[in-house]
Amino acid sequence: MATVLAIETSCDETSVAIVKNREVLSNIVASQIALHQKYGGVVPEVASRQHVETVNEAIAEAVEQGGVSWSQIDAIAATCAPGLIGALLVGLSAGKTLAAYHNKPFLGIHHLEGHIYASYLSEPTLQPPFLCLLVSGGHTSAIAVRGCGEYELLGQTRDDAAGEAFDKVARLLNLGYPGGPIIDKLAQTGNPRAFPLPEGRISLPQGGYHPYDSSFSGLKTAVLRLVQKLEAEGEPLPVGDLAASFQATVAKALTKRAIACAVDYGFETIVVGGGVAANSGLRSHLQAAAGERGLRVLFPPLKYCTDNAAMIGCAAAQHWERGEQSSLDLPARSRLAV
Ligand code: KG4
Ligand code: ZN
């Protein structure tokens, strides 16, 4: 059982957690959302500077709230990839410095591995094999998880990530940033069948469609065209119906692919991770479809869907158990396959 101090700064949350294997002792998340809102999205340079401002305080708070002394911490972990390079560098440098100063092993963790392990925090007995549907602002991937470090990418988006689609559609409806939670809330006031929208399928050269890959840029364009048409008609925009129709289309597309993947590869459990795992439409749609097929679906609690250091600590604890650690030379990488 490892007690890990973990740092996550890959995008716009400065987060530090103390995790004892799968138990979260503290999880500080300092969100920068308010800072980026006026720009309509994350500004990388602003994010890096804010991480520098916040990270030390977050570390002190995590240690205090975690109720541990430095001697009780077995290892230090930090997200090393993928993400905004300047933002990653802040958490990674802080983690390496703490490891060197306190003479602890250091583990650089892949951000997506963190999202994969977020469900471990609420499911003490969950073990591979399972299929992970990873849906965030940067990724939409179906990943076969056969063991710690044993991952195979089975399906992905060919263009926009699911979270990115939520953010872009929210922007074109003038709803603000980040779009996912806003659309989710608005969707509850609208009719998901009001506007039929294209699901975005990937054609195969031999005919038919790719069963696991998705595409969301066509869906976004379809919403744009619809908005332009409705505006030209001079009527007030039915934003609730638009949000509900868009959300239902994304939920259906993701559900169809995840179920096909799980059935074809013989996985009995689907573990969902990433910010879009918080989406109420996806949660209910996938749960219902999986239930019909006798599959188990696990969603992390909402606070562990979006970026947080607890999931990074949990992933690090899995690697630590296997006797692994990273060199203090480990670089930050903006892109890296899981
Ligand atoms: O995992 P995450 O915090 O950061 C990345 O690694 O990208 O995911 C952020 C994304 C954003 O695009 C945000 O709009 C989306 O997750 N998101 C949601 C919801 N909450 C966050 N999308 C749909 N419904 C939600 N409730
Ligand atoms: Zn993330």
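**Ground rules.** I am working with a predicted model, where local features need pLDDT of at least 70, side-chain atom pairs count only at pLDDT 80 or more, and totals for chains, interfaces and linings use all residues. Residues are numbered from 1 along each chain as its sequence is written, while chains are lettered from A and ligands numbered from 1 in the order in which they are written.

**Overall form.** I find 10 helices and 10 strands in the protein; helices (H or I, at least four residues) and strands (E, at least two) are DSSP runs, numbered from the N terminus. My look at the C-alpha trace gives spans of about 65 × 45 × 35 Å along the principal axes. Buried residues make up 53% of the 338 residues, where buried means 20 or more other C-beta atoms within 10 Å of a residue's own, with C-beta atoms placed from the backbone. I also note that residues 24 or more positions apart account for 74% of the contacts with a separation of 6 or more.

**Ligand 1.** I find 20 residues around ligand 1, the closest being Gly137, Gly163, Gly180, Gly275 and Asn279; a residue belongs here if its C-beta atom, placed from the backbone, lies within 6 Å of the ligand. Helix H5 (162–172) and helix H6 (179–187) are the elements that give two or more residues to this shell. Domain 1 (3–119 + 305–321) and domain 2 (128–299) both contribute to the shell, so ligand 1 lies between them; the bounds come from an automatic or database domain assignment.

**Gly137.** I place Gly137 in the loop between strand S6 (130–135) and strand S7 (140–147). Gly137 counts as buried because it has 25 C-beta neighbours inside 10 Å. Leaving aside neighbours within four places in sequence, I see Gly137 in contact with Ala161, Gly163, Glu164, Asp167 and Gly275.

**Back to Asn279.** I find Asn279 in the loop between strand S9 (269–273) and helix H9 (280–293). With 28 C-beta neighbours inside 10 Å, Asn279 counts as buried.

**Record check.** I looked up the unreviewed UniProt entry, and its "binding site" list has Gly137 and Asn279 among its residues, including also Asp167, Gly180 and Asp184. I keep in mind that such annotations may be inferred rather than shown by experiment.

Key. Buried ≥ 20, exposed ≤ 12 C-beta atoms within 10 Å, placed from the backbone. Contact = placed C-beta atoms within 7 Å.
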